Amino acid sequence: MSPLSALRLSRIPASKALQAWNAADELAINRLAETTATDRLLLVNDSFGALALALGDAQTDWWSDSAMASKALANNARANGLPLPRRIEHPEQLRDDYKRIVIQVPKSLDLFRWQLAVLATRLAEDGEVYALGMVKHLSTGHQVCMTNFFQLCDPGHAVKKARCVRLSCPRQVDADNQLKTFSTPTGLTLQHEPGCFSSNRLDPGARVLLETLSQWPDADQLLDLGCGNGVLALSYLQSHPEAQATLVDESRQAVHSAARSAQANGLENRVRCLHHHGIEGLDLRPMPLILCNPPFHQANTLTEDIALHLFREARQALTPKGELWVVANRHLPYFHPLKRLFSQVDCPSSHPKFVVYRCY
Ligand SMILES: C[S@@+](CC[C@H](N)C(=O)[O-])C[C@H]1O[C@@H](n2cnc3c(N)ncnc32)[C@H](O)[C@@H]1O
């Protein structure tokens, strides 16, 4: 029986179809049971807190980019009456002598490279890193990253199509500045910390939504829900000198990127950048305009649940005459859910691949 099946574990957003842990988590738990070290444990990218509740205690450190993961951890710890680990918000809070570090390999290679560069400097001399994931998600790029930062990489046996790679003896690698920058056709400079969405080019969906910018209502305030590098809100601020924007993302790296982008364009005094899962619980005034280019993945899983959650929250956050503008791939089934939430849903773009929804 899986050590995790004794725990009550839920995902964020809640899902009946999807489990809050996988075979890679189980494999890591079994591997760690074979080790003798019990203290100075760090868990990284633990998606829904399963590793923390199975392996950790109040002395364990827990580092994640994701506000959804953090919320899931809190919910699951409460549901099981277990202590919360110490949450790390910034690498400077990390210890420099971890005995064991368990990292769920993130989908973003940039994020993985940056995290390994940090972790390689935070291990005790005899410490070990366990990098885990489903075999199909561990790309050649991920493997190269591991060998770049660690002299010893033991892939072990795959179990139930999952792998737990043991890394030790960190190399002295100079991790170069991993910030990425590009400019939009309207001259916005966008900056990206490792892991921020679409760090090499303007996202094609964002581009299609921006083509409708002249049709967006005049607003003194707007909300960019799932802001990434901030391109949507910052483009609006560029052409509306009186407006202010709130930018929200569940990825801390994205929030930092949006704040950097605002600064790079002299817009830092007109934005508020918040790290949060959606907007519930934030003290926001009603918004006349909300922009959203929603995700359809959660790590490696395809899902519409997050987008639907964000649409429901957006509905609640609008002023009575406010408008939500959404862009999505045409194949995604958003029209009917949006129609249930809003009296009017127009589609003001005829792009073959993307659809823009104006909801009011
Ligand atoms: C498709 S990207 C769009 C980024 C940017 N707005 C653009 O147009 O390039 C979706 C963004 O939503 C963020 N996101 C995912 N789930 C979220 C949630 N529950 N709350 C807030 N942001 C979320 C992701 O981190 C990602 O940055």
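Q: What percentage of the 360 residues in the chain are buried?
A: Buried residues make up 45% of them. Here buried means that 20 or more other C-beta atoms lie within 10 Å of the residue's own, exposed means 12 or fewer, and partly exposed is in between, with C-beta atoms placed from the backbone. Keep in mind that this is a predicted model: local features need pLDDT of at least 70 and side-chain atom pairs count only at pLDDT 80 or more, while totals for chains, interfaces and linings use all residues. Numbering starts from 1 along each chain, as its sequence is written.

Q: What are the helix and strand counts in the chain?
A: You get ten helices and 18 strands. A helix is a DSSP run of H or I with at least four residues, a strand is a run of E with at least two, and both are numbered from the N terminus.

Q: Why is Thr-36 called exposed?
A: Thr-36 has 5 other C-beta atoms within 10 Å, so it lands in the exposed class. You'll find Thr-36 in the loop between α1 (23–33) and β1 (41–44).

Q: What makes Arg-40 partly exposed?
A: Arg-40 has 17 C-beta neighbours inside 10 Å, so it counts as partly exposed. Arg-40 also sits in the loop between α1 and β1, and its phi is near 50°, a positive value in a residue other than glycine.

Q: Why does Cys-169 count as partly exposed?
A: Cys-169 has 14 other C-beta atoms within 10 Å, so partly exposed it is. Cys-169 belongs to strand β7 and has a positive phi of about 55° despite not being a glycine. Most residues other than glycine have a negative phi.

Q: How do you know which side of α5 its buried residues are on?
A: In α5 (residues 140–149), Cys-145, Met-146 and Phe-149 are buried. They cover an arc of only 95° around the axis, so they are on the same side of α5; the arc is that of the directions from the helix axis to the C-beta atoms. Thr-140, Val-144 and Thr-147 are exposed, on the face turned away from the buried side. The buried residues of α5 pack against α4 (109–119), β5 (123–134), β6 (150–154) and β7 (162–170).

Q: What makes β8 and β9 a pair?
A: Strands pair if DSSP finds at least two bridges between them. β8 (residues 180–183) and β9 (residues 189–192) have four bridges, in the antiparallel sense, with Thr-181 opposite Gln-191 in β9. The two strands form a hairpin with five residues between them, and Gly-187 in the turn has a positive phi of about 90°.

Q: Which of the 20 residues around the ligand come nearest?
A: Ala-206, Gly-226, Gly-228, Glu-250 and Asn-293 do. To count as near, a residue needs its C-beta atom, placed from the backbone, within 6 Å of the molecule.

Key: Contact = placed C-beta atoms within 7 Å.
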